[in-house]
Amino acid sequence: MDNKSEGSGVGVLDKATLVLSALEAGPGTLAQLVNSTGLARPTAHRLAVALEYHRFVARDVHGRFILGPRIGELASAAGEDRLLASARPILKALCDHTQESTQMYRRQGDQRIVVASCESPLGLRDSTPTGSALSMKAGSAAQILLAWEEPDRLHRGLQGASFTATQLSVVRRRGWAQSIGEREPGLASVSAPVRLASGKVVAALSVSGPIDRMGRQPGRIHGPAVVAAASRLSDFMRRAEGIMAAKKQAEGK
């Protein structure tokens, strides 16, 4: 990347943005940041550490730089609240229908974050409250958030994962994923993708609970309901995108 291209005129801000943009593609070592941004090594290190201090950048288990939690917090405050606001009643309806806990996950680096949830009314349940950070290496939501990634990110995501490329191919074909004791013994889950108008997967909608209730083939029982709920949320997002686009076009006239 050419860091000499036209910027805002505030050099340090432009360079910090280069670092964040590089990490948008996935975790990176300092050497990878230098290569992708074109910044000098001391500069890239100084900016990454400063961004880490302010929680815009974090580290994964391997010590690589990843996007930090502050990114998601600002995104929610700046506009993704409409996705969350729309997800909550859909999660509640899915919870009422299945009598199991429901969640919506967003990917953040090597983790998936619960951004909205509804707990089952039953005593024995999967309790995964909003704000929980889980691995991208196991679970049906992780499968969904990885299955439609670009080939290089998909390949990296499969390293050390509990699922395979063949399983993700099946997920893409049928439109939902299931896991049985994959993330935690005794728990099962089913997830489906939430998409923008472009087809980009921006979230995974899930239902989870004890295997004793969900069964060894939870997708057969809950797959259609989870897919329908995720489709309703995707439809809302597409309509919202259309309204925003029309508004911007009108303002530009």
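**Group meeting: notes on a predicted model**

Over residues 10-69 the chain is 60% helix and 10% strand, with its end C-alpha atoms 24 Å apart. Helices (H or I, at least four residues) and strands (E, at least two) are DSSP runs, numbered from the N terminus. UniProt, in an unreviewed entry, lists residues 10-69 as "domain: HTH iclR-type"; such annotations may be inferred rather than shown by experiment.

Before I go on, the ground rules. This is a predicted model, where local features need pLDDT of at least 70 and side-chain atom pairs count only at pLDDT 80 or more, while totals for chains, interfaces and linings use all residues. Residues are numbered from 1 along each chain as its sequence is written, and side-chain values use heavy atoms, leaving out hydrogens and water.

Next, Leu 13. Leu 13 sits in helix H1, residues 11-24. Leu 13 has a relative accessible area of 48%, so it is partly exposed. Buried means under 20% relative accessible area, exposed over 50%, and partly exposed in between (1.4 Å probe, protein chains only).

Now helix H5, residues 140-147. Eight of its eight residues are buried, among them Gln 143, Ile 144 and Leu 145.

Last, Ser 234, which is found in helix H9, residues 218-252. Is Ser 234 buried or exposed? Ser 234 counts as buried because its relative accessibility is 4%. Leaving aside residues up to four places away in sequence, Ser 234 touches Pro 193, Val 194 and Arg 195; contact means heavy atoms within 4.5 Å. The side chain of Ser 234 also reaches the backbone nitrogen of Arg 195 at 2.9 Å.

Technical notes: Polar contact = N/O pair within 3.5 Å; in protein donor to acceptor, adjacent residues only side chain to side chain.
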